[in-house]
Amino acid sequence: MRAFRILGLWFGLFALLIAPAIQAAETSRPSPADSLSPAAPPAERWRPPTALSAEDQPNDNGHGIVLDWSLSADDAQLLSYEIWMARSAAAPESAWALAGFALRGSRTYSHQNEEASLKGKPNPIFVPRGTPTFFRVRGMADDGSISGWSDVASATARGNWFHKGRINVLLACLGLAGATLYFIRAARGGRKLYIRPIPGISAVDEAIGRATEMGRPILFVLGTGTAGDIATIAGYTVLSRVARKTAEYQTSLLVPVNEPVMMAMAQETVSQAYKQAGRPDLYRPESVFYISAMQFPYVAAVNGLMMREKTATNFYMGVFHAESLLLAEAGSVSGSIQISGTDQLSQIPFFVAATDYTLIGEELYAASAYLSQEPVLMGPLKAQDLIKVVIMAILVLGVIALTFSLTASDPAGIARIVSAVVHAV
Amino acid sequence: MEPTWGALAWQGLAAIVTLGIFSFLAGDNPFYKIIERTWVGVTTGYWLMLLYHTSFHDKVWVNIVVQHKWWYILPTFLGLLMWLRLSRKLAWISRYALAFYIGISTGIYIPLAFKNFVFLQLEGAVRPISFDAAGINFVIALVGLTCSLSYFFFSKPHTGILGGMSKAGILTLMIGFGAGFGLTVMGRVALLVQRVIFLRDYSVNLFGKIF
C-alpha cells in the first residue's frame with residue numbers, strides 16, 4: 001500500500017512539473033482572435049459624465065483612490081461607466097488601462113490595487129503610494145456604443161496608520177483586555193470563579209477511560225483549518241488534556257493532521273502533555289502525523305484509519321468544513337464514542353446529529369478554561385461573559401430607543417414609552 | 001459527438017476512483033485502500049509543487065531576489081526556523097516561529113471577530129419594532145437571539161430565569177441547525193446525483209463505443 005502512496009506522489013509531482021510547460025505551449029499558440037483584423041472603435045454616441053474628482057481613500061494602506069462624478073445626461077441609455085487610469089494625464093491612448101466598472105446611476109467608485117506586478121509584469125492598474133494617479137470615466141451602452149470621456153482627475157494615494165472607522169473595535173478590544181486582566185488578577189488573588197459544567201467536556205475523561213478499558217487507540221482530529229485558527233488553538237488545549245490522560249493511562253493516541261504547522265504545534269502539545277504527566281518515555285512523535293493538505297484525501301485516510309485501528313474514542317476539535325459528517329458518520333459506523341467541537345456554524349448540525357457530545361461554538365473556547373481551571377484561561381472567559389451582558393443590554397436598549405425614537409436630547413421619550421405601554425395594556 | 005477512446009480511458013479512471021471511494025460503504029476493503037493511498041499520494045505531490053510556486057517562488061524568491069524587498073527576509077527566517085524541528089538538539093528554536101505564528105493569528109483575528117461577529121451583527125439586529133407582522137417576526141428573532149446569547153453565558157448556573165432563557169436559546173439554535181442540516185443534505189444529495197449521472201453516462205458511452 002505504501003507503493004501506491006509513493007506512486008501517487010510521483011504522479012502528482014510529475015503533473016505539476018509538466019503543467020507550466022503545457023501552459024507555456026498553450027499561451028504561445030495563436031488564438032483565433034489574433035488572426036482577425038482589429039475591431040472597429042466603438043461609436044461615440046452619448047454625452048460624457050462630468051465633474052470628475054478624485055481623492056485619496058481614507059483609512060487604507062495607501063493604495064486606494066475614490067472617484068466622484070456627475071452622471072452623463074444620457075445616463076438612462078447607458079449600461080455602465082468604465083473607469084480608466086494612467087500614470088500621467090498626457091499618457092498616450094495605449095497607456096490607459098481599464099480599472100473597473102460602475103453600474104449606470106453610480107456617482108462614485110473606489111479603486112484599490114496593491115499588486116505592483118502580476119506574474120512578473122508591471123500591473124497597469126496598480127495604485128502607487130505617494131505618486132499621482134490619473135483617472136477618466138466614460139459611459140458604455142449595451143450595444144457597445146460609448147460616451148465621450150470625462151475630464152481627467154488625479155489624486156495621490158497615501159497610507160494611514162490609524163483606521164478612524166475602527167475606533168469602536170479598538171475600544172471593544174481595550175475593554176475586553178481590561179476585563180480579562182481584572183479577572184485574571186482576581187483569580188490569582190484567590191477569588192473563586194465559577195464556570196458552569198459543559199456536558200461534552202465532562203465526558204472527556206469517561207471517553208478516555210473507555211478507550212483504556214477496551215485497549216484501543218484514541219483518535220484526535222484537529223480539523224481542516226490552519227494552525228492559527230482560534231478553534232484549532234482551542235483544540236490544542238483539549239488535545240493537551242487528552243494527551244496527559246493517555247500518558248497516565250498508557251493508552252495509544254493518534255493525531256492525523258492536514259497542515260505542516262499544525263503538525264508541529266500538535267507534536268509540541270502532545271510532547272509537553274506527556275512530560276507534564278511524568279511519562280516522556282511513552283511519547284512517540286509518530287503518533288502525530290501528516291496525511292494530506294487537501295480536504296477529501298485527508299478524510300478518506302482518516303476514515304480508513306478509524307476502520308483499521310478500530311479507535312474507541314474519536315475527538316473532533318477545531319475548524320471543520322464539508323468533511324464533518326463524513327468523519328462523524330464513519331466514526332459512528334466503527335462504534336467509537338465521539339466528542340466534537342467546532343465554531344463553524346454550518347457544520348455544527350452534523351456533529352450534533354452524528355456524535356455523542358458536541359461543543360457548540362464558544363463552548364469549545366470555554367473548554368480550555370473549564371478543563372484547566374487556570375486563572376490565565378478563566379480570565380478571558382469571564383471577560384467574554386461580561387461583554388455578552390453588555391451586548392445584550394445594547395441590543396435591548398438599542399431596539400427600545402429606535403422603536404420610540406429616543407434621543408439623548410429628548411426628555412419626553414420616557415413619557416412616550418410609558419404612554420405606549422399603557423395604551424397597549 | 002462520440003467520445004474518443006482516450007477520453008473514455010480518462011473517464012474510466014474517474015469512474016474506477018469513484019467506485020473505489022463508494023466501496024467504503026461496504027466497509028474497509030483493498031480496493032478502497034488502493035484508491036485512498038493513491039489519492040493521498042497524488043494530492044501530496046500536487047500540494048508540494050503548489051506550495052513551491054505559491055509560497056517559495058511568489059513570496060520568497062520574487063519579493064527578495066527579484067523585487068529586493070529585504071524586509072521579507074524576516075518571515076523567511078522564521079520559516080527556516082521551522083526546519084530546525086528536524087534536529088533533536090535545535091528543535092526548541094522552532095517554537096519561536098510557532099509562537100510568532102499563533103500570536104499574530106490571534107492578534108489579527110480578535111479585532112476582525114469584533115467587527116464581523118459583534119458590531120456588524122449588532123448593527124443588523126438593532127432595529128425599531130414595527131407594529132405589524134414583520135414586527136412580530138423581528139421580536140421573535142430578537143428574543144431568540146437574546147436567549148441564544150444567554151446559553152453561552154458560563155459564569156452562572158443555568159437555573160431560574162437564566163435556565164429558562166438558556167433552554168429557549170438552545171431550542172432556537174437547534175431550529176437553526178435543523179434548517180442548516182436540511183439545506184446541506186440537499187446539497188450533498190445533489191452531489192451524489194451528479195456522480196451517479198456521471199457513472200451512468202460513462203457506462204452508456206463505453207457500451208455505445210464497444211457495441
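Colleague: How do you know that helix 10 of chain A is close to the span expected at 1.5 Å a residue?

Modeller: In this predicted model, helix 10 of chain A, residues 375-403, has 29 residues and reaches 42 Å from its first C-alpha to its last, which is set against an expected 42 Å; the expected value is 1.5 Å times one less than the number of residues. Just after helix 10, Ser405(A) takes a positive phi of about 50°.

Colleague: What makes Asn59(A) count as partly exposed?

Modeller: Its relative accessibility is 26%, and because partly exposed covers what lies between the 20% limit for buried and the 50% limit for exposed, Asn59(A) counts as partly exposed. Asn59(A) lies in the loop between strand 2 (50-56) and strand 3 (64-70) of chain A, and has a positive phi of about 55° although it is not a glycine.

Colleague: Why is His68(B) called partly exposed?

Modeller: The value for His68(B) is 46% relative accessibility, so His68(B) counts as partly exposed, given that exposed means over 50%. His68(B) is placed in the loop between helix 2 (30-66) and helix 3 (73-82) of chain B, with a positive phi near 55°.

Colleague: How do the residues divide in the contact of helix 1 of chain B with helix 2 of chain B?

Modeller: The axes of helix 1 (residues 5-22) and helix 2 of chain B come within 8 Å and cross at roughly 115°, in a left-handed crossing. The contact includes Ile16(B) and Gly20(B) of helix 1 and Phe31(B) and Trp39(B) of helix 2, and its residues divide into eight nonpolar, one polar and no charged.

Note on methods
Residues numbered from 1 in each chain as written. Chains lettered and ligands numbered in written order. Predicted model: local features only at pLDDT ≥ 70, side-chain atom pairs only at ≥ 80, totals over all residues. Heavy atoms only, no water. Helix = DSSP H or I, 4+ residues; strand = E, 2+ residues; numbered from the N terminus. Buried < 20%, exposed > 50% of the residue type's maximum accessible area, 1.4 Å probe, protein only. Axes fitted to C-alpha atoms, helices over the stretch in contact; angles between N-to-C directions. Left-handed = near helix turned anticlockwise from the far one by under 90°. Contact = heavy atoms within 4.5 Å. Nonpolar A, V, L, I, M, F, W, Y, C, P; charged D, E, K, R; others polar.
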